Amino acid sequence: MILLGKAPVNAGENVQIEGGLDAKGNAAKYIQYGGTVANDNSGTLKYVRVEYGGIPFSPDNEINGITFGGVGSGTTIDYVEVFRSGDDGFEWFGGTVNAKHLIAIGSVDDDFDTDNGFSGKIQFGIAQRYVTVADVSGSNAFESDNDKDGSDKLPKTSAVFSNMTLIGPYAADNTANVNANHQHAAQIRRNSSISILNSVFAGFAEGIYIDNSKVTTAGSTTANYTAGNLVFKNNIVYGSNKKGNEVKGDNATAKALFETKLRAENTFDATKFAVELITDPYKYASEFSNPGTPNFTVKAGSIAATGALFTDTKVTDAFFDKVTYRGAVGTEDWTAGWSNFDAGKMPYTTPGAVK
Ligand SMILES: [Ca+2]
Ligand SMILES: [Ca+2]
Ligand SMILES: [Ca+2]
Ligand SMILES: [Ca+2]
């Protein structure tokens with residue numbers, strides 16, 4: 001699914017969306033996005049599942065489960081699931097759209113990917129990675145660029161995520177069957193200034209990577225963090241030290257610029273996993289091991305059941321529900337009744353069988 005709007009994008013106006021689409025002789029109508037209308041309205045997407053969408057059409061020319069290109073803040077996105085996308089779950093190229101209640105299950109590539117000046121607000125999002133499924137490009141729960149060149153172009157990628165639950169491929173200290181292309185809980189790179197607060201990450205090969213490897217201004221992703229434009233705060237990062245880098249920089253010098261602050265403002269524990277925080281995080285579709293319906297509600301008494309903070313200016317906006325728990329789901333399961341975790345078994349070929 002590809003939504004294209006007229007909100008600002010740092011690649012300019014009337015940009016062609018990737019994915020090898022057919023312009024049908026009218027590029028402006030069918031394949032271009034980006035403009036000057038911040039509150040542009042691309043309609044409403046509510047209680048929607050996108051199952052088995054997404055494909056790398058050609059290298060660096062991909063269709064995601066849902067692609068948002070320049071989608072504006074007048075658009076409504078709420079209760080949307082992407083199940084087993086062949087590329088990213090959700091990818092935003094610029095735009096200002098906000099969203100709540102997003103689910104990405106078993107994505108091949110990244111779960112929540114932000115580029116080209118996306119500045120929306122997202123609250124309550126779940127990603128669950130499948131142990132054996134990952135992409136040669138490296139699969140991250142969060143991947144973020146200002147743009148592909150790490151430029152200073154405006155608007156900067158400055159989306160704010162709160163109350164996200166990201167379940168990686170590792171359920172414990174075993175590495176059996178884990179696809180080697182699984183990478184970071186978050187790779188924030190190329191001069192991005194996204195922010196992530198009040199969230200739970202658990203079971204990733206590598207942890208939080210503030211990446212200066214492709215930037216046009218020396219150290220700019222790190223500088224975004226130390227200046228407070230990129231906020232990563234009040235999160236729990238468990239079991240994400242398989243390569244000895246639950247906090248990762250390009251080198252020791254770069255890492256020293258941010259490690260103390262990152263550890264002080266978040267909880268890291270390499271010895272614990274999602275089962276400490278989430279009711280039943282490791283159930284998968286029936287064609288995989290450990291089949292069943294996952295339950296992402298927070299475990300009573302766990303450190304995720306309390307501790308959310310909405311004091312940072314990134315999350316004081318009225319858009320954010322001021323819940324007490326960290327992660328995407330409190331005790332009330334908002335995934336119930338509309339999401340699906342075993343789409344391959346749905347009898348869509350029988351008319352009337354799926355209501
Ligand atoms: Ca993508
Ligand atoms: Ca990606
Ligand atoms: Ca991207
Ligand atoms: Ca990737």
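## The overall fold

The protein's secondary structure is made up of four helices and 24 strands. Keep in mind as you explore that this is a predicted model.

How does the radius of gyration fit with a compact globule? For 355 residues, such a globule would have a radius of gyration near 20 Å, and the protein has 19 Å, which agrees. If you picture a box drawn along the principal axes, the C-alpha atoms fill roughly 55 × 55 × 40 Å.

## Inside and out

Let's look at burial next. Of the protein's 355 residues, 55% count as buried.

Contacts tell us how the chain meets itself. Take the contacts between residues at least 6 apart in sequence: 71% of these join residues at least 24 apart.

## A closer look at strand E18

Now find strand E18, which covers residues 206–211. Is this strand largely enclosed or exposed? A residue counts as buried when 20 or more other C-beta atoms lie within 10 Å of its own. Six of the six residues of E18 are buried, so the strand is largely enclosed by the rest of the structure.

## The partners of E18

Which strands pair with E18? One of them is strand E15, residues 184–189, which runs parallel to E18 and is joined to it by five bridges. To spot this pairing in the structure, look for Ala-186, which stands opposite Ile-208 in E18.

Strand E21, residues 247–248, also pairs with E18 in the parallel sense, over two bridges. Here you can look for Tyr-209, which stands opposite Lys-248 in E21.

Terms used:
Residues numbered from 1 in each chain as written. Chains lettered and ligands numbered in written order. Predicted model: local features only at pLDDT ≥ 70, side-chain atom pairs only at ≥ 80, totals over all residues. Rg over C-alpha atoms; globule rule 2.2 N^0.38 Å. Buried ≥ 20, exposed ≤ 12 C-beta atoms within 10 Å, placed from the backbone. Contact = placed C-beta atoms within 7 Å. Pairing = 2+ DSSP bridges.
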